[in-house]
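Let's go through this model as a few quick questions and answers. Have the viewer open while you read.

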Amino acid sequence: MINEKNSIPLCESNCIHEDVVNRVKENLPDDELLGEAADFFKVFGDKTRIKILLALLDSEMCVCDIACLLDMSQSAISHQLRVLKNSNLVKNRKDGKVVYYSLDDEHVKEIIGQGIVHIRHKNRGE
């Protein structure tokens, strides 16, 4: 059966597979962790932050360099870096008067890289 409003296929019967439901329910994280995960993924909902993360995937950069790359003000970049840092996606180190930013760890590299691979794969219809 197809729901005409949004073209999502629906079951034609109303049977519940209790074993599946119970197993999945046991494996779901608690609401607190789910809330943290939702907040984490919200950070990826901004094109500027994605550009910054992709730039940092390639190289450690200072705010001035990122601002130049993205043709934005340093204050706008600093604001986005603060959001990314508060979400533990980027870290920084100071070298004299210059502050360099990089991705926080390998997990962030994998998330960004896999996201781009997934989108490219889907766009090619594979």
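**A tour by residue**

Q: In which strand is Y101 found?
A: Helices (H or I, at least four residues) and strands (E, at least two) are DSSP runs here, numbered from the N terminus. On that basis, Y101 falls within residues 98–103, and that run is strand β5.

A quick note on the ground rules: this is a predicted model, where local features need pLDDT of at least 70, side-chain atom pairs count only at pLDDT 80 or more, and totals for chains, interfaces and linings use all residues. Residues are numbered from 1 along each chain as its sequence is written, and side-chain values use heavy atoms, with hydrogens and water left out.

Q: Is Y101 buried or exposed?
A: Buried means under 20% relative accessible area, exposed over 50%, and partly exposed in between (1.4 Å probe, protein chains only). Y101 has a relative accessible area of 13%, so it counts as buried.

Q: Which residues does Y101 touch, not counting those up to four places away in sequence?
A: Contact means heavy atoms within 4.5 Å. With that cut-off, the list for Y101 is L56, E60, M61, V63, L81, V90, K91 and N92.

Q: How far apart in space are Y101 and N27, C-alpha to C-alpha?
A: In sequence, 74 residues separate Y101 and N27. In space, their C-alpha to C-alpha distance is 36 Å.

Q: Is T48 buried or exposed?
A: T48 sits in helix α3, residues 47–58. Leaving aside neighbours within four places in sequence, T48 is in contact with L70, M72 and Q80. Its relative accessible area is 18%, so T48 is buried.

Q: Where is E32, and is it buried or exposed?
A: E32 has its place in helix α2, which covers residues 31–42. Its relative accessibility is 60%, so E32 counts as exposed.

Q: What is the phi of D71, about how many degrees?
A: Most residues other than glycine have a negative phi. D71 lies in the loop between α4 (63–70) and α5 (74–86), and with 70% relative accessibility it counts as exposed. D71 is not a glycine, yet its phi is positive, at about 55 degrees.

Q: And what is the phi of N88, about how many degrees?
A: N88 is found in the loop between α5 and β4 (90–95). Its relative accessible area is 54%, so N88 is exposed. Although N88 is not a glycine, its phi is positive, at about 60 degrees.
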